[in-house]
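User: Can you walk me through this one? I'd like the sheet, a helix residue and a pocket.

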Amino acid sequence: MFIRPCEGRITSRFSSLRKHPITGEWKAHKGVDFGSDGSSIIKASEKGTVKRAGVIGGYGNTVILIHQLNGKKYETLYAHLKSISVKAGQTVEQGQQIGIKGTTGNSTGVHLHFEMHIPTYEPGQPNAVNPLHYIVDSEVGEIQKMFVFLGYSLQVDGIEGPKTEATIKEFQESKGLVADGIIGDITLAALNNTVALKKEELSMAEPKLTAGQEAIRQEAMRLKITDGNDPFKNVTQYYAWAVALPIAQKVEQLEKRMEELEKKLK
């Protein structure tokens, strides 16, 4: 699987229509932009061969890698680099540094513009696909876990695919936020707050066991008075068990005594 090519929050996603930050023209954005925050190192998203390494028009300093994965061909493009660390024809490993974030070409600031094409990159980007549907990202996985905790039906796979994007939009709508499917600072803050509130509710709804209550529960389980999975709503449950324990213990002692006597009679 492909990995995230660099650190930095996503500042612009793959979309069919976006206002170009320089020309003002409304057109498709066939890639994903990662901001300047975090490390500036750009890494190969997957093992491959360098197809091109140099200036490509408005992309500025650019690297294009060829990948063969599970019998399928992909090409990834890394644009606006400050510097390039590889040469055409070179083999690179997944995670290997191939350049540094920059703002060369048609760019308004330091960032990485990242594209994925199946099977090859062509001018006009006819083969472009959304990279986020192919990248496994641990941060995405943590966000997916938060949504699952809140009751959303979502697979935790670390891939920000259509289902995850739809879930983000649903959550944003429920909070009165702009439903753009992007986990920005405002959405992330709302998500963290919602998770914290639910955890607080659960901690209040489920009383914690004291050492004495846990001892009673363990003994009651041993004597098969309970399987230990009862939904404990209040402490009276433990009082009932505490009353039953001496009787159950006495019965256990009598049964053992009977077994001993039977053995002697034999």
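Analyst: Here is a short walk through those topics.
Analyst: This is a predicted model, where local features need pLDDT of at least 70, side-chain atom pairs count only at pLDDT 80 or more, and totals for chains, interfaces and linings use all residues. Residues are numbered from 1 along each chain as its sequence is written, and side-chain values use heavy atoms, with hydrogens and water left out.

User: What is the strand order in the open sheet of three strands?
Analyst: The order is 6-12-10, with antiparallel pairing. Strands (E, at least two residues) and helices (H or I, at least four) are DSSP runs numbered from the N terminus. Two strands pair if DSSP finds at least two bridges between them.

User: Which strands stand at the edges?
Analyst: Strand 6 (41-43) and strand 10 (83-84) do; each has a single partner strand, so one side of each is left without a neighbour in the sheet.

User: How many bridges join strand 6 to strand 12?
Analyst: Three, and strand 12 covers residues 97-100. Lys-43 stands opposite Gln-97 in strand 12.

User: And how many join strand 10 to strand 12?
Analyst: Two bridges, again with the strands antiparallel. Ile-84 stands opposite Gly-99 in strand 12.

User: What does UniProt list for residues 28-118?
Analyst: An unreviewed entry gives "domain: M23ase beta-sheet core" for that range. UniProt positions are in the numbering used here, feature names are shortened, and annotations may be inferred rather than shown by experiment. In the model, residues 28-118 are 0% helix and 54% strand, with the end C-alpha atoms 17 Å apart.

User: New topic. Is Thr-167 buried or exposed?
Analyst: Thr-167 is buried, with a relative accessible area of 4%. Buried means under 20%, exposed over 50%, and partly exposed in between, using a 1.4 Å probe and protein chains only. Thr-167 lies in helix 2 (residues 162-174).

User: What does Thr-167 touch?
Analyst: Not counting residues up to four places away in sequence, Thr-167 touches Phe-147, Tyr-152 and Leu-154. Contact means heavy atoms within 4.5 Å.

User: Which helix gives the largest share of the lining of the second largest pocket?
Analyst: Helix 1, with three residues. A pocket here is an open set of points on a 1 Å grid over the protein atoms alone, where a 1.4 Å probe fits, with protein on both sides within 12 Å along at least five of seven lines; lining residues have an atom within 4 Å of a point.
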